[in-house]
Amino acid sequence: MAGGAVVSTGAAKDYPGKLTLFVFFTCVVAATGGLIFGYDIGISGGVTSMDPFLKKFFPEVFRKKQASNKNNQYCKYDNQLLQTFTSSLYLAALVASFFAATVTRVLGRKWSMFGGGLTFLIGAALNGAAENVAMLIIGRILLGVGVGFANQSVPVYLSEMAPARLRGMLNIGFQLMITIGILAAELINYGTAKIKAGWGWRVSLALAAVPAGIITLGALFLPDTPNSLIDRGHPEAAERMLKRIRGSDVDVSEEYADLVAASEESKLVQHPWRNILRRKYRAQLTMAICIPFFQQLTGINVIMFYAPVLFDTLGFKSDASLMSAVITGLVNVFATLVSIFTVDRLGRRKLFLQGGAQMMVCQVVVGTLIAAKFGTSGIGDIPKGYAAVVVLFICVYVAGFAWSWGPLGWLVPSEIFPLEIRPAGQSINVSVNMLFTFVIAQAFLTMLCHMKFGLFYFFAGWVVIMTVFIALFLPETKNVPIEEMVLVWKSHWFWSRFIADQDVHVGTNHVHVQTKLAAA
């Protein structure tokens, strides 16, 4: 065992329940909240590589790009204002996620999704009609508020609606929608870049209204989760909803009693933000900070934000760079499907460890291939065949991310928090994710200019660190009901020392955890 990190979860309950059509459709609708995040990730890199857009808003970058054949390829897009266009959204999402925690707790998950979709809709309209950089940035900030609300509520909603045995599969629907959003954006960029009149970028930015409209309207028809209904004082409605989502012929009394017990315990907590700092939640807090932090330091957003810009920097022509971005987008979608069908069978840890090894190797290879052609001067050309090899390894890297850190970076934090600290914990998860997404988006083009091909080695080093972290400190969480997740931490070789016996009660009769573990 890797540091004793694999534990038996046999002590946890397996509540009866099946995947009903009702649950499937509600989870699909809720997961469309990922479309707005994905569309934005995919659209910004394509738009910032379009000449008419650069000429109108960032003329300095446009001039540098035109002269880049003779100059350093690594530095032609290095511009703080251009990076602010991309990164401002993530700073806004960071701040919004804290307000979203309160909305999610007080009004329920669905209204947080609705508010996020509506704000994103307004931001899309502003961006499509933008006449100056200020309008662009304000639009991006509104998009960021929408992303902050959606990313706060959707993963929690999916985890609460899904039966424990299928929680991984249904939760990864959120990541699948992110990848579909990215691919749709890249295909749209490929088409709008061909509009001769030069207004294609407006179409790309304005079409963000489509995914925003889907989640805004969809949220109106979503039911509340049983957890949220109990927490907000509607126990009868919660029991009816639990019967509906688990199947009318299923006895839900035990699961319902455990949800009520968890809710009553959570109401004793007056200050969830202060409470999450307590010793017994050290494991959850560490994961809420480290997993989103590491997810961004995989380097994936270098590929996803700036794929067309990156391929253009590598010497691909404009059309070819957009098409290469579409190819990586397709790989992203299909590899995420692999995760959906394996996460509840293989478990979270195996996917994390395999994906990490695959990403690390690919980053070292890509960095070496770029170094061989551009060196430190940044001057050189990439032949077609050589370029195809670079794209191939980038695709293998994207596949590794898409079945590991991509979906699991959202799934694991959303399933490990007890009810009393769940909104606060998910807020920390989203805000750390957005903070480091902002940092990477703001700094990447400058880092590429100064670190050159070494940037890929930099991210490969971080992938090694995060893979070791998972191997040692993340226990397996597959098939464990959320309200019983504490058993996993109590059984772990490292985290058990932070949880006192008297702090942990599970089940309808508050059976002591040691008794449960002994029975296993």
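**Close-up views of a predicted model**

**View 1. N479 sits in a loop.** N479 is placed in the loop between α22 and α23 (486-491). Helices here are DSSP runs of H or I with at least four residues, strands are runs of E with at least two, and both are numbered from the N terminus. The model is predicted: local features need pLDDT of at least 70, side-chain atom pairs count only at pLDDT 80 or more, and totals for chains, interfaces and linings use all residues. Residues are numbered from 1 along each chain as its sequence is written, and side-chain values use heavy atoms, leaving out hydrogens and water. The phi of N479 is positive, about 65 degrees, although N479 is not a glycine. N479 is partly exposed, with a relative accessible area of 31%. Buried means under 20% relative accessible area, exposed over 50%, and partly exposed in between (1.4 Å probe, protein chains only).

**View 2. K452 has a positive phi.** K452 belongs to the loop between α21 (422-451) and α22 (454-473). Its phi is near 55 degrees, a positive value in a residue other than glycine. K452 is buried, at a relative accessible area of 16%.

**View 3. Helices α2 and α5 pack together.** Helix α2 covers residues 33-47 and helix α5 covers residues 80-106. They pack at about 165 degrees, with axes 10 Å apart. Axes are lines fitted to C-alpha atoms, for helices over the stretch in contact; angles run from 0 to 180 degrees between N-to-C directions. The two helices α2 and α5 are therefore roughly antiparallel (an angle over 145 degrees). The crossing of α2 with α5 is left-handed, meaning that the near helix is turned anticlockwise from the far one by less than a right angle. On the α2 side, F37, D40, I41 and S44 make the contact. On the α5 side, the residues are F85, T86, L89 and Y90. Contact means heavy atoms within 4.5 Å.

**View 4. Helix α20 is enclosed.** Helix α20 spans residues 405-415. Of its 11 residues, 11 are buried, so α20 is largely enclosed by the rest of the structure. Among them are W405, L408, W410 and E415.

**View 5. Helix α15 packs against α20.** The angle between α15 and α20 is about 165 degrees, and their axes lie 9 Å apart. The pair α15 and α20 is therefore roughly antiparallel. The crossing of α15 and α20 is left-handed. From α15, I291, F294 and Q295 take part. They meet W405, G406, G409, W410, V412 and P413 of α20.

**View 6. P292 lies within a helix.** P292 is part of α15, which runs over residues 282-296. P292 is buried, with a relative accessible area of 0%. Leaving aside neighbours within four places in sequence, P292 is in contact with M287, N429, V432 and N433. L408 is 116 residues from P292 in sequence, and their C-alpha atoms are 9.8 Å apart.

**View 7. The whole chain gives the setting.** The chain has 24 helices and two strands. It holds 520 residues, and 63% of them count as buried. Among contacts between residues at least 6 apart in sequence, 81% join residues at least 24 apart. The accessible surface of the chain is about 18300 Å² (Shrake-Rupley method, 1.4 Å probe). Carbon and sulfur atoms account for 68% of that surface.

Note on methods: Parallel < 35°, antiparallel > 145°, perpendicular 65-115°, else oblique.
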